[in-house]
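Please look over the sequence and the structure before reading on.

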Amino acid sequence: GDELAAPADKPLSEDDMVLAVEELHDQLFGKGEWRAVSEGGGGFGGASVVVKAIMEASSKTLEQVKAFLQKKLDDAKARNEKLSRKELYDSFRNPTSKVGKIVERLEKERLASSAKVDADAALGELGSA
């Protein structure tokens, strides 16, 4: 349950939860790390949109992108550099980068599709009231 804990103002999407559970499974059964150090702040909030953006930008599969990201983390660890999953994913969110621009577009599309009220129409109602 702790792997899926997130602040109330930044809840994990279902896709983020899937990534978090897959990472936990790999940590426990793939690497045998039962007591991994927490990265603090959870590295998975918004992770799925970053992964999707990398997939789109690179034309790689989900498994290829996940392996690529894990290699980045493993390489940093081997060099004794501190690089959390959150820091890595946030690097790809840079709005001036190719992936960052795709992330912005995907997040805007997600927000637009989840809107419950036509904000422009509601604003128009306020003006005519």
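## Overall fold

The model is predicted. Its protein chain contains six helices and zero strands, so that, by the DSSP runs used to assign helices and strands, the pattern along the sequence reads α-α-α-α-α-α.

The protein chain has 129 residues, of which 25% count as buried. Among contacts with a separation of 6 or more, 57% join residues 24 or more positions apart.

## The largest nonpolar core

In soluble globular proteins, nonpolar side chains tend to be buried together. The largest nonpolar core here has 16 residues, and the members that touch the most others are Val50, Ile54, Leu69, Tyr89 and Phe92. Two or more residues come from each of helix 2 (47–58), helix 3 (62–78), helix 4 (85–92) and helix 5 (98–114). Helix 2 gives the largest share, six residues.

Leaving aside residues up to four places away in sequence, Val50 touches Tyr89, Phe92, Arg93, Val99 and Val103.

## Helix 2

Helix 2 consists of twelve residues. Its span from first C-alpha to last is 16 Å, close to the 16 Å expected at 1.5 Å a residue. The buried residues of helix 2 are Ala47, Ser48, Val49, Val50, Val51, Ala53 and Ile54.

Just after helix 2, Ser59 adopts a positive phi of about 60°.

Methods
Residues are numbered from 1 along each chain as its sequence is written. This is a predicted model: local features need pLDDT of at least 70, side-chain atom pairs count only at pLDDT 80 or more; totals for chains, interfaces and linings use all residues. Side-chain values use heavy atoms; hydrogens and water are left out. A nonpolar core is a set of buried Ala, Val, Leu, Ile, Met, Phe, Trp, Tyr and Cys residues joined through side-chain atoms within 4.5 Å. Buried means under 20% relative accessible area, exposed over 50%, partly exposed in between (1.4 Å probe, protein chains only). Helices (H or I, at least four residues) and strands (E, at least two) are DSSP runs, numbered from the N terminus. Contact means heavy atoms within 4.5 Å. The expected span of a helix is 1.5 Å times one less than its number of residues.
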